[in-house]
Amino acid sequence: MEDWPETIFALLRKYDVKQVALVPDAGHSRLIRMCLADNAMRVVTLTTEEEGIGMMLGAWLGGQRSVLLMQSSGVGNCINMLSLATLHRTPMPMLVTMRGDYGEFNPAQVPMGQATQPVLEAMGTLVNRADKTEDVGAAVEATLKFAYNTYRPTATLIGQRIIGAKTFGKD
Amino acid sequence: MLDRRELARAVLSERGDLLCVAGLGAPAWDITAVGDTPQNLPLWGGMGGAAMIGLGLALAQPSRPVLVITGDGEMLMGIGSLATIAVQAPPNLSILVQDNEHYGETGGQETATRHGVDLVAMAKGAGIRDARLITTMDQVAPFRAAAHARAGLVFAVAKIDAASKPLVLPPREGALLQARMREAILGPAAHLE
């Protein structure tokens, strides 16, 4: 079950996601490549993750579905902007690859990684986690459906157990 | 120095199907003073996000002109979005910064543009080819025409008088503001999505 990026990509197609906002993360690199290769998706690389929150509101205003791909540290950049999702009742699904999680090597990643879920929940986001590859599909599908069907910010956190920890050759 | 309400009135005259996103504070009051309509999204929060909302909307609705009107403080907070938007360059998006060189809603503190920061140069540096400075009312009509033309991404900074205007508040309920614009664009089916 190493093909979880393919599983996510198939779900983005199934749910007719037209705008993909992202700040790159190594954990999302395969998914990003697939999105870039798909002419039906507009991939927008952001300078900071909060731009994606505004963009998702704009997409929904114009009748398109969107998603935000980011690393857990980027969640911290989104905090105030997430007010827009609650204020306007806008579907804003976020797929977050975790750092500062299981097996982390870099101490700088730990504070935001450990705060990611509480911060999202404090801003009204419905959060689920996937820590096994076989759980990614169901978790991401729930996140997309919950956002588009009930008009709110939602997130799936994809654990570092799935992605693998970056150890700079110091395992 | 232009009068901000006169500027908003001129830019939004005979607007047809133009959609307008306005940054929080005075720009939101300005577009509401011109006339509240479902084609307006006046923001109450999300400082720094107005231009990106415009980007998402412009990409989703390429056949409609989308205009973002915001202040210098709001644009500075989301300044990186100029790079993001320049790369996408939707031809139906225009951004107008009403630059009074002050944070008007919080007591009139000076912004960076008061001290020489040049938003037109920053937009050009980001790669927005049509980035212009508006200092007189006769430069407004060409900008308005460009915003309607859907012929290329346009960025403009208009130097405006820092004087505050009477408050003209739009609805505060964000769900209403979103739903009414969706209905204006997508019809009643928008509510069944």
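What radius of gyration would a compact globule of 193 residues have, and what does chain B have? Here are some friendly notes on this predicted model.

1. **Chain B, overall size.** A compact globule with 193 residues would have a radius of gyration near 16 Å, and chain B agrees with 15 Å. The radius is taken over C-alpha atoms, and the globule rule is 2.2 Å times the number of residues to the power 0.38. Along the principal axes, the C-alpha trace of chain B spans about 50 × 35 × 30 Å.

2. **How to read the numbers.** Residues are numbered from 1 along each chain as its sequence is written, while chains are lettered from A and ligands numbered from 1 in the order in which they are written. Local features need pLDDT of at least 70, side-chain atom pairs count only at pLDDT 80 or more, and totals for chains, interfaces and linings use all residues; side-chain values use heavy atoms, with hydrogens and water left out.

3. **Chain B, make-up.** You will find 8 helices and 8 strands in chain B; these are DSSP runs numbered from the N terminus, helices being H or I with at least four residues and strands E with at least two. Of its 193 residues, 55% are buried, that is, under 20% relative accessible area (1.4 Å probe, protein chains only). Among the contacts in chain B with a separation of 6 or more, 74% join residues 24 or more positions apart; a contact means heavy atoms within 4.5 Å.

4. **A helix pair in chain B.** Have a look at α5 (residues 81-88) and α6 (residues 119-126) of chain B, which pack at an angle of about 45° with their axes 8 Å apart. Therefore α5(B) and α6(B) are oblique to each other. Oblique covers the angles left over once those under 35 degrees (roughly parallel), over 145 (roughly antiparallel) and 65 to 115 (roughly perpendicular) are set aside. B:L82, B:A83 and B:A86 of α5(B) meet B:M122, B:A123 and B:A126 of α6(B) in this contact.

5. **Chain A, overall.** Chain A has 8 helices and 6 strands. Its radius of gyration is 15 Å, close to the 16 Å from the globule rule for 171 residues, so chain A is as compact as a globular protein of that length. Buried residues account for 56% of the 171 residues in chain A.

6. A:G74 sits in helix α4 (residues 72-77) of chain A. A:G74 is buried, with a relative accessible area of 0%.

Note on methods. Axes are lines fitted to C-alpha atoms, for helices over the stretch in contact, and angles run from 0 to 180 degrees between N-to-C directions. Buried means under 20% relative accessible area, exposed over 50%, partly exposed in between (1.4 Å probe, protein chains only).
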